[in-house]
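Reader: Could you walk me through this model, starting with whatever you think deserves attention? I would like to ask as we go.

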Amino acid sequence: MSQGPRSGLYAVSSALLAMSRHLEVRDVLKTIVASARELLDAQYAALGVPDDHGGFAQFVVDGVSDAQWKAIGPLPRQHGILAAMLREARPERLADVREDPRFEGWPHAHPDMSDFLGLPIRDGDEVIGALFLANKLRPAGEDPARPGGEGGCGFTEDDEELLGILAQHAAIALTNARLYERSRELTIAEERSRLAHELHDAVSQKLFSLRLTAQAAATLVDRDPSRAKGELQQVAALAAEATEELRAAVVELRPAALDEDGLVATLRTQIQVLDRAHGARVTFTAHGVRALPASQEEAMLRVSQEALHNALRHSGATHVDVILDRRGSGALLRVTDDGSGFDPAAIRSAGRHLGLVSMRDRASGVGGTLTVESAPGKGTTIEMEVPGG
């Protein structure tokens, strides 16, 4: 493993650090595949995570364009060499995969492949994936008909050993990512349960008041029409407040479409709903923001929701402005309101937090920072900055 700059200790260390940096399963898979192709000088690399139905739950490739991948068609099934790696859990190094008796062909748009190196990814006795490379890139001037690897294969024993090391760390990274996603799912479930209880309490109180006020109006219709009119106006106001609570809760309970729409579009949609649901004016602008790691986008979304909740429910603000700006490879979120403001030190000493502890935890959990500026009568500005990927 000492031949060539890409197989040096620094390159291996960089690949392993890159794998450990990501927490989302899809991000981990992409990093593993890209690292393997780069380290071993392969034209193509892929990683498949099998499902229980003879196919792959996830299949990530590197070296194939988006247009070419789309033209190839549906995800492959567990057959041929891929099935052998998953079933027998052993490395496969072939001079020409097309000549192997287990080869079953590939779709029309599939790139042509010859020399092949594949290893299973194992977590203990369980095979959790298959990592493979194809078409070893040879130094300029070398005859493709006389590859430098053993047995006619461009990939060498050193390549196989290096890929084995990568596969071991890939198993750790993939397992950790799965645990993280499971933990996040539980956290989201707990948050949704909390919001459901809050919704129940808030709306129940509004509806109880609505019922009492309507009953009072009914008893006053004949003997005091003027007072009955006032009570009915109060009924309308309570109904509007209950509707506002419901709309805001729907925004918080609805799963954010970050995977499909991204942070900017998701924030814009939610803020448009809040602007319609509340008396305060709620605005949003974004400037040159690039896609961020999924964990950072989710954290920024949750912090913005908490800050908006405080501004719209507690501050008496007439205008709340949300800005998302690019900062290098990262982003800066700023939520500013013209509400009553508060003394952050007094809030802490009184044991009240207004969600500030949760927001700081979310920011630090993704390598970001959170700052709060506020004073009585001066409104509030909350800023969160994340480094990007």
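Reader: Which strands does helix α4 lie across?

Author: Helix α4, residues 80-88, lies across β1, β2, β3, β4 and β5, and runs at about 140° to β5. Helices (H or I, at least four residues) and strands (E, at least two) are DSSP runs, numbered from the N terminus. Axes are lines fitted to C-alpha atoms, for helices over the stretch in contact, and angles run from 0 to 180 degrees between N-to-C directions. Contact means heavy atoms within 4.5 Å.

Reader: Before we go further, what should I keep in mind about the model and the numbering?

Author: This is a predicted model, in which local features need pLDDT of at least 70 and side-chain atom pairs count only at pLDDT 80 or more, while totals for chains, interfaces and linings use all residues. Residues are numbered from 1 along each chain as its sequence is written, and side-chain values use heavy atoms, with hydrogens and water left out.

Reader: Back to those strands, then: in what order do they sit in the sheet?

Author: The five strands form an open sheet in the order β2-β1-β5-β4-β3, with antiparallel pairing. Two strands pair if DSSP finds at least two bridges between them. β2 and β3 (92-94) stand at the edges with a single partner strand each, so one side of each has no neighbour in the sheet. On average, and ignoring direction, neighbouring strands of this sheet are turned by 10° against each other.

Reader: How many bridges join β4 to β5?

Author: Eight bridges join β4 (residues 116-123) to β5, and these two strands run antiparallel.

Reader: What sits between β1 and β2?

Author: The two strands form a hairpin with five residues between them, and G54 in the turn has a positive phi of about 85°.

Reader: Changing topic to the aromatics, how many aromatic pairs are there?

Author: Rings of Phe, Tyr and Trp (its six-membered ring) pair if their centres lie within 6.5 Å; planes under 30 degrees apart count as stacked, over 60 as edge-to-face and the rest as tilted. By this rule there are five aromatic pairs. One of them is F56 with F59, an edge-to-face pair at 5.3 Å centre to centre with 70° between the planes, and both residues are buried.

Reader: Why is the pair of F59 and W69 called stacked?

Author: Their ring centres are 6.1 Å apart and their planes lie at 5°, so the pair counts as stacked. The pair links distant parts of the chain, with F59 in strand β2 and W69 ten residues away in helix α3 (residues 66-72). F59 counts as buried because its relative accessibility is 7%, whereas W69, at 26%, counts as partly exposed. F56, F59, W69, F116 and F132 form one aromatic cluster.

Reader: How much of α8 as a whole is buried?

Author: In α8, 17 of the 20 residues are buried. Across the protein chain, buried residues make up 41% of the 389 residues, and the chain has ten helices and ten strands.

Definitions and conventions
Buried means under 20% relative accessible area, exposed over 50%, partly exposed in between (1.4 Å probe, protein chains only).
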